[in-house]
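This briefing reads a protein chain by topic, moving from its overall layout to individual side chains. Please keep the sequence and the coordinates in view while going through the points.

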Amino acid sequence: MARVVRGPCDLMGGVLFVRADGSYAGGFGDTALEATARAGATVVLETGRTGTIEIGARGSRCGEHREGVLV
């Protein structure tokens, strides 16, 4: 499960369920952000850990405006 824990109010609390087979359910209402979160969540899940990944505006991996997604 990936949840937005920091960022714009309209994204806060959004949830994306990422399964081991790559399928997913839910979302944040932003396809670029969801795609980046899915990729990041997959990497975190493959390590068997949890953590927070930083995703920039519009799903980029860099930039000054970042959303925190807890996986």
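Does arginine 6 count as buried, partly exposed or exposed, and at what relative accessibility? Arginine 6 has a relative accessibility of 40% and therefore counts as partly exposed. The model is a predicted one, and the points below should be read with that in mind.

**Overall layout**
- The secondary structure of the chain amounts to one helix and five strands, and the elements follow the order β-β-β-α-β-β when read from the N terminus.
- The chain has 71 residues, of which 32% count as buried, and it exposes about 4,300 Å², with carbon and sulfur atoms supplying 55% of that area.
- When contacts between residues at least 6 apart in sequence are considered, 32% of them join residues at least 24 apart.

**Strand pairing**
- Strand 1 and strand 2 pair in the antiparallel sense over two bridges, and within this part of the structure alanine 2 stands opposite leucine 16 in strand 2.
- Strand 2 also pairs with strand 3, which covers residues 24-27, again in the antiparallel sense and over four bridges; here phenylalanine 17 stands opposite alanine 25 in strand 3.
- Strand 2 and strand 3 form a hairpin that has five residues between them, and glycine 22 in the turn has a positive phi of about 95°.

- In soluble globular proteins, nonpolar side chains tend to be buried together.
- The largest nonpolar core of this chain has 12 residues, among them Val4, Leu11, Val18, Phe28, Ile53 and Ile55.
- Strand 1, strand 2, helix 1 and strand 4 each supply at least two residues of this core, and helix 1 gives the most, with four residues.

**Leucine 16**
- Leucine 16 lies in strand 2 and is a member of the largest nonpolar core; its relative accessible area is 0%, so it counts as buried.
- Although leucine 16 and glycine 26 are 10 residues apart in sequence, their C-alpha atoms are 4.7 Å apart in space.
- Once neighbours within four places in sequence are left aside, the contacts of leucine 16 include Met1, Ala2, Tyr24, Phe28, Glu34, Ala37 and Arg38.

**Charged side chains**
- Side chains of opposite charge can pair when their charged atoms come close.
- The structure holds one salt bridge, which glutamate 54 forms with arginine 6, the closest N and O atoms being 2.2 Å apart.
- This pair links distant parts of the chain, with glutamate 54 in strand 4 (residues 52-56) and arginine 6 in strand 1 (residues 2-6), 48 residues apart.
- Glutamate 54 has a relative accessibility of 31% and so counts as partly exposed, and arginine 6, at 40%, likewise counts as partly exposed.
- Glutamate 34, found in helix 1 (residues 31-46), is buried yet has no salt bridge, and the nearest side chain of opposite charge, that of arginine 38, is 4.8 Å away; a salt bridge would require a side-chain nitrogen of Lys or Arg within 4 Å of a carboxyl oxygen.
- Apart from its neighbours within four places in sequence, glutamate 34 is in contact with Leu16, Gly27, Phe28 and Gly29.

Notes. Residues numbered from 1 in each chain as written. Predicted model: local features only at pLDDT ≥ 70, side-chain atom pairs only at ≥ 80, totals over all residues. Heavy atoms only, no water. Buried < 20%, exposed > 50% of the residue type's maximum accessible area, 1.4 Å probe, protein only. Lys, Arg positive; Asp, Glu negative; His and termini not counted. Contact = heavy atoms within 4.5 Å. Areas by Shrake-Rupley, 256 points an atom, 1.4 Å probe, with all protein chains shown as cover. Core = buried A, V, L, I, M, F, W, Y, C linked by side-chain atoms within 4.5 Å. Pairing = 2+ DSSP bridges.
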